[in-house]
Amino acid sequence: MIAFDRTIAIRAYAVPMFNELNPGIARPQIQAANFEMKPVMFQMLQTVGQFHGLSSEDPHLHLKSFLGVSDSFVIQGVPRDALRLTLFPYSLRDGAKSWLNSFAPGSIRAWDELAENFLSKYFPPNRNAKLRSEIVGFRQLED
């Protein structure tokens, strides 16, 4: 009888709750009649590079590059923020993708909110303070 109870508990844990699998970004409302993501959108994101979440990567540069790609597409009936929210997950990989997937389903509803969260995670205030300290405290070495 105890083994049976454990099986139920393990099975309940192993069966996914589909409402928890929804992305953290709320699906934006798009009024365009025939909106579809074009392969060229993904190709351009691949060309500028995906953000992995490594400390050596520049999150500001990633956002600038991403905005350059996403803002190059103007689709009638599709708000700019909706296109950005739809495309942004495809600009991430590895740890950064895991970070985005850690948000509660539908909790991110606006581009500014997503960009702010992204910069808070990958360019926190202590990193800014460290860089500022390095700039202020520079000194010339011998030779």
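Reader: What makes the reach of helix α3 close to the expected one?
Author: The expected span of a helix is 1.5 Å times one less than its number of residues. Helix α3 covers residues 59–70, which is 12 residues, and reaches 16 Å from its first C-alpha to its last, close to the 16 Å expected at 1.5 Å a residue. Helices here are DSSP runs of H or I with at least four residues, strands are runs of E with at least two, and both are numbered from the N terminus.

Reader: What kind of model is this?
Author: The model is predicted, so local features need pLDDT of at least 70 and side-chain atom pairs count only at pLDDT 80 or more, while totals for chains, interfaces and linings use all residues. Residues are numbered from 1 along each chain as its sequence is written, and side-chain values use heavy atoms, with hydrogens and water left out.

Reader: Which residues of α3 are buried?
Author: They are P59, H62, L63, F66, V69 and S70. These residues cover an arc of only 125° around the axis, which puts them on the same side of α3. The arc is that of the directions from the helix axis to the C-beta atoms. Buried means under 20% relative accessible area, exposed means over 50%, and partly exposed lies in between (1.4 Å probe, protein chains only). The face of α3 turned away from the buried side carries the exposed residues L61 and K64.

Reader: Why is S91 called buried?
Author: Its relative accessibility is 1%, and the limit for buried is under 20%, so S91 counts as buried. S91 is in the loop between α4 (80–87) and α5 (94–101).

Reader: What makes the pair S91 and H62 a polar contact?
Author: A polar contact is a pair of N or O atoms within 3.5 Å; within protein, one must be able to donate a hydrogen and the other to accept it, and residues adjacent in sequence count only if both atoms are side-chain atoms. The side chains of S91 and H62 are joined at 3.1 Å, and the pair is a polar contact. Contact in general means heavy atoms within 4.5 Å. Leaving aside neighbours within four places in sequence, S91 is in contact with residues including L45, F51 and F66.

Reader: How do you know how the rings of F42 and Y90 are arranged?
Author: Rings of Phe, Tyr and Trp (its six-membered ring) pair if their centres lie within 6.5 Å; planes under 30 degrees apart count as stacked, over 60 as edge-to-face and the rest as tilted. This rule gives a count of 11 aromatic pairs. For F42 and Y90, the centres are 4.9 Å apart and the planes are at 75°, so the pair is edge-to-face. F42 lies in helix α2 (residues 39–48) and Y90 in the loop between α4 and α5, so the pair ties together parts that are 48 residues apart in sequence.

Reader: And what makes the pair F66 and W111 stacked?
Author: The ring centres of F66 and W111 are 5.4 Å apart and the planes are at 25°, so the pair is stacked. F66 lies in helix α3 and W111 in helix α6 (residues 111–122), so the pair ties together parts 45 residues apart in sequence. F66 and W111 are both buried.

Reader: Why is D94 called partly exposed?
Author: The relative accessibility of D94 is 46%, which lies between the limits of 20% and 50%, so D94 counts as partly exposed. D94 is found in helix α5.
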